[in-house]
Amino acid sequence: MTPPSERSSRSAAAVDTRPAPRAVGAADVGLLLLRLAVGVILAGYGTQKLFGWFGGPGLDATGKGFAEQGYEPGVFFAGLAGASELLGGLGLAVGLLTPLAAAAAVGVMINAMTVAPEYSLWPAGPPSFAYPMLISVAALAIAAVGPGRLSLDTFFPWRDGGWIPFLVALGLGVLAGVLVLAL
């Protein structure tokens with residue numbers, strides 16, 4: 001007969017074969033800072049379009065601007081862009097449904113890149129291609145490496161990123177962006 005102390009240590013070793021959870025590290029803090037910066041800026045632009053917050057024009061004025069750029073009906077597409085920026089930005093900021101949040105950011109930024117007044121990485125004047133390109137790349141990078149442990153996605157398999165979350169963000173983002181351009 002095996003003594004109780006040997007039995008409990010043997011059964012505990014057989015049951016718990018997982019590595020000990022690692023502590024929150026500098027990479028998690030860095031991801032949080034990147035997510036917050038990209039997400040809050042993107043969400044802020046969405047609230048400018050939708051609600052006129054932070055000195056933005058609001059939905060009607062933004063809709064007129066969208067119509068002038070060929071997006072008809074302008075108010076619909078302005079609302080779609082604003083909602084994509086707001087929800088995608090908030091999702092990135094808090095790390096919730098990160099691949100979908102990144103896809104929303106990529107989709108709206110593809111359209112922003114196509115209407116950019118200047119295709120330069122270092123513009124001397126008004127906004128250009130560089131800003132939407134940078135937001136898109138940052139969103140895809142966040143999807144690729146995952147939102148990290150300091151996120152609401154911490155219990156989901158895409159927390160640590162990988163090819164699948166990256167390809168979901170890229171594929172859905174490009175599909176949404178191209179679909180809006182085709183309409």
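Start by selecting helix 5 (98–114) and helix 6 (residues 130–145): helix 5 passes helix 6 in a left-handed crossing. A crossing is called left-handed if the near helix is turned anticlockwise from the far one by less than a right angle, and right-handed if clockwise. Helices here are DSSP runs (H or I, at least four residues), numbered from the N terminus. The two axes lie 9 Å apart, at an angle of about 160°, and that makes helix 5 roughly antiparallel to helix 6. Axes are lines fitted to C-alpha atoms over the stretch in contact, with angles from 0 to 180 degrees between N-to-C directions; under 35 degrees counts as roughly parallel, over 145 as roughly antiparallel, 65 to 115 as roughly perpendicular and the rest as oblique.

You are looking at a predicted model, in which local features need pLDDT of at least 70, side-chain atom pairs count only at pLDDT 80 or more, and totals for chains, interfaces and linings use all residues. Residues are numbered from 1 along each chain as its sequence is written, and side-chain values use heavy atoms, with hydrogens and water left out.

Show side chains for the contact (heavy atoms within 4.5 Å): L31, L34, R35, V38, I41, L42 and Y45 come from helix 2, and Y131, I135, A138, I142 and V145 from helix 6. By class, these are 11 nonpolar, no polar and one charged. The classes are nonpolar (Ala, Val, Leu, Ile, Met, Phe, Trp, Tyr, Cys and Pro), charged (Asp, Glu, Lys and Arg) and polar (the others, Gly among them).

Next, select helix 3 (58–68) and helix 4 (74–94). Their axes come within 7 Å and cross at roughly 110°, and the two helices are therefore roughly perpendicular to each other. This crossing is right-handed. Among the contact residues are G63 and F66 of helix 3 and G74 and G79 of helix 4.

Which helix gives the largest share of the lining? Helix 5, with seven residues.
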